[in-house]
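The following paragraphs lead the reader through the structure shown here, beginning at the ligand and moving on to the domains.

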Amino acid sequence: MKVTARAHANIALVKYWGKRDAALNLPAAGSLSLTLAALTTTAAVEPIDGAGDELVLDGHPVTGGGIARFSGWLDVVRARAGSRQRFRAESANDFPTASGLASSASAYAALALAASRAAGLTLDARELSILARRGSGSAARSIFGGLVVMRPGSRADGADAFAETLVSAAELDRDWPLAMVVAVVGGGKVKSLSSRAAMEHCAETSPLYDGWLASVPGDLAAARAAIERRDLHSLGEVAEQSALTMHAAALAARPAIAYFRPATIALIDAVQELRRRGASAFFTMDAGPHVKVLTTRDEAAQVAERIGQVPDVTQVITSAPGGPAELVP
Ligand code: PMV
């Protein structure tokens with residue numbers, strides 16, 4: 001039977017950058033994110049008779065290392081189901097699969113739900129988060145909606161490394177209407193070093209990596225306290241600091257990992273200028289040149305207009321908080 005599921009991308013406000021176990025994809029520290037309604041992956045998974053698994057991404061069959069990685073992840077599903085069944089999966093994003101736009105998070109969250117059901121398993125949200133994490137660390141967070149925290153856990157088997165909701169999308173909609181405005185930098189797919197390779201290189205060579213890791217628990221505590229108080233200014237400040245500390249550690253790697261393009265810096269300036277004019281707007285960047293701006297629902301249009309004027313910004317996507325991964329009937 002073919003099972004279809006969808007999940008939304010998420011953007012970290014306190015970043016995940018580094019693993020304590022590469023094989024099980026266990027994070028070295030916690031992280032905290034906002035799930036975005038406007039960035040959605042739909043994944044369909046069905047059992048097939050062939051000798052190997054198949055994956056089609058945005059209409060293109062995946063081969064080589066890509067299919068090997070996906071098949072290795074399906075082995076986790078098969079082991080859990082006690083089966084040798086092969087699968088065909090089709091995953092499509094409704095947003096450009098530009099690097100740094102968190103497509104692996106929504107993809108592996110949707111795939112975890114669809115593939116586990118197609119294999120005859122009914123997993124709860126925590127188990128789905130653990131399964132999604134095996135595909136991509138940030139995908140563990142996309143199982144949930146709203147503001148989400150990822151627990152790094154301490155067990156060697158990763159059974160305590162999963163995400164959970166802090167404030168649901170419905171609650172945010174009701175009493176803390178946040179929004180995120182995404183500025184896509186450059187045309188087409190931007191070639192950036194994958195987060196997987198970059199994290200490893202950063203951990204091995206950056207003299208600032210330990211300092212970065214040491215900064216995470218304090219940032220997480222500050223972000224959680226700000227969320228408790230519904231204090232966007234404090235949350236936004238932490239988000240900017242966490243992003244800049246992560247990128248500082250990456251820049252100090254040898255050779256350097258530099259994701260920023262000139263437009264990235266121009267966007268940071270534009271966000272600071274918006275703030276000087278009284279707006280609540282705070283930037284964050286991931287493993288790519290794009291800038292995501294945390295703001296309020298009421299100010300999102302003003303923010304989108306301003307950042308859309310920055311040269312080399314090719315698309316602006318405004319999003320409300322999104323809900324959890326779900327099956328599509
Ligand atoms: O889940 P991954 O392996 O694609 O890593 C995500 C890394 C960042 O996007 C840079 C940070 C994060 O927490 O999402």
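Ser195 places a polar side-chain atom 2.9 Å from an oxygen atom of the ligand. The protein covers 91% of the 380 Å² of accessible area that the ligand has on its own (Shrake-Rupley method, 1.4 Å probe). The model is predicted, with local features requiring pLDDT of at least 70 and side-chain atom pairs pLDDT 80 or more, while totals for chains, interfaces and linings use all residues. Residues are numbered from 1 along each chain as its sequence is written, and side-chain values use heavy atoms, without hydrogens and water.

Around the ligand there are 14 residues (a heavy atom within 4 Å), of which Tyr16, Ser136, Ser138, Arg141 and Ser195 come nearest. Domain 1 (3–168) and domain 2 (174–319) each supply at least three residues of this shell; the bounds come from an automatic or database domain assignment.

The C-alpha centres of domain 1 and domain 2 are 22 Å apart. In domain 1, 33 residues are in contact with 44 residues of domain 2 (heavy atoms within 4.5 Å). The size of an interface is often given as the accessible area lost when the parts come together. Between domain 1 and domain 2 the buried area is about 3,100 Å², and carbon and sulfur atoms give 72% of it; this area is summed over both parts, with a 1.4 Å probe. The count between the two domains is one salt bridge (a side-chain nitrogen of Lys or Arg within 4 Å of a carboxyl oxygen of Asp or Glu).

Definitions and conventions. A polar contact is a pair of N or O atoms within 3.5 Å; within protein, one must be able to donate a hydrogen and the other to accept it, and residues adjacent in sequence count only if both atoms are side-chain atoms. Buried area is the accessible area (1.4 Å probe) that two parts lose on being put together, summed over both.
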